[in-house]
Amino acid sequence: MKTDYSDKLFAKAKDLFPGGVNSPVRAFKGVGGTPRFIAKGRGSRMWDVDGNAYLDYVGSWGPLILGHCHSDVMQAVQDALKEGSSFGAPSPREIRLGELVRQRMPWLERMRFCSSGTEATTAAIRLARGFTGRDDLLKFDGCYHGAGDPLLVKAGSGVETLGLPDSPGVPADLAKHTLTLPWNDLAAVERLFEKTGKTIAAVITEPVVGNMGVLVPKPGFLEGLARICKAHGALFIVDEVMTGFRLAMGGACGLYGLRPDLVTFGKVIGGGLPVGAFGGRADVMEKIAPAGPVYQAGTLSGNPLAMAAGTATLSELSEATYRKLEQLSADLAAGLAEAAAAAGAAVQVNRVGSMLTVFFSGEPVFDAASARKCDAKRFGRFFHAMLERGVYLPPSQFEAAFVSAAHSPEDIRTTIAAAREAFQEAVR
Ligand code: PLP
């Protein structure tokens, strides 16, 4: 595969941007090699600047659940653009998207739009602290909640890919308020709350982890977190930035029957444009400025183009879409597992809905510690063998792959055929 133009652009990019990229995992550090510079995408495919075509299982890291350039989304953005790119004043499009969100999650009493998942989780944490008057926070090892200071502790995803323990620049005085425990270990949460429950403002979790690769919640884990929070007066925050509107109409909360105090969104809710949102209980949300004293704001919050893309995306997603995603993803997971077995590669294929990860491990992977035991070198060889065959997977063992509604059964068959050869290269 010829990659001269990508190589040339990466050399230039390194002179402009740290590591040559504007977000770390894009740099291929976890798998080696040079990132491909993407020229365009359509449906389930992307083309790089050298003209190579890829079946895309990254989907801009999750937002593109309808695939690239979905006609309704493109049209909605064009229509909105004709009216103006940003007003810095309330506009009707915010109401439209807000109502669509609430139709899907009727328990969401108030919400606020912002411009990224990081903004949403940062605000939710500040709000939980402001509401409870407590400073501590519990998050789980390997869960990523964006690049905000309080949450950049044992943060999975890009931090894990680069092998960074925690980020320099996060003051120790702040980080000490972020308590961490292994994910899926409810007994450990119970013990912690018995000891210091009165100081904990909130527990935040990914409902299905995507940022350590896909980890599936043990039965009762999420419900148990909700129960423990309630018993101790802490808020339960479900970070649905990745899972929201991806796993089901009502997100992971719908799937698992959760009613958290606060929930955060990003990715799919913006249909590929920069959006985040947080929301939940009215009595908590009414503490946000200007209704209340907890400050949160954004110049481009509720941006009309982003609202239009989000509205078009959510309007297109029906129960039939989720059934299709489930079928395609189940076929892909089964095909990958079978291809790995045929090649003698020990793998675990973890999947919930259209999020999946092939872990190079002979043991079940259910938390950060078991994910870290995977053979990341083998994953790197598998990744490159797939890339050479025109399949673009996330360039890290610690990320989720996403199936979109634009993928076809033929795409899935092509991917599995590529994997049969790629697994053989990975174990060589
Ligand atoms: N929360 C989760 C669960 C995420 O997966 C991400 C991003 O990957 C974020 C928060 C941060 O979102 P953003 O990258 O839009 O700031």
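Author: Two strands count as paired if DSSP finds at least two bridges between them. Helices (H or I, at least four residues) and strands (E, at least two) are DSSP runs, numbered from the N terminus. This is a predicted model: local features need pLDDT of at least 70, side-chain atom pairs count only at pLDDT 80 or more, and totals for chains, interfaces and linings use all residues. Residues are numbered from 1 along each chain as its sequence is written.

Reader: How many bridges join strand 8 to strand 9?

Author: 3 bridges join strand 8 (residues 235-239) to strand 9 (residues 262-265), and the two run parallel. I237 stands opposite L262 in strand 9.

Reader: What is the strand order in the open sheet?

Author: The open sheet has 7 strands in the order 4-10-9-8-7-5-6, with mixed pairing. Its edge strands, strand 4 (110-114) and strand 6 (178-181), each pair on one side only.

Reader: Now the ligand. Which residues come nearest?

Author: S116, G117, T118, G146 and V241, of the 16 residues around the ligand. A residue is near a molecule if its C-beta atom, placed from the backbone, lies within 6 Å of it.

Reader: Which helix gives the largest share of that shell?

Author: Helix 4 (residues 117-132), with 3 residues.
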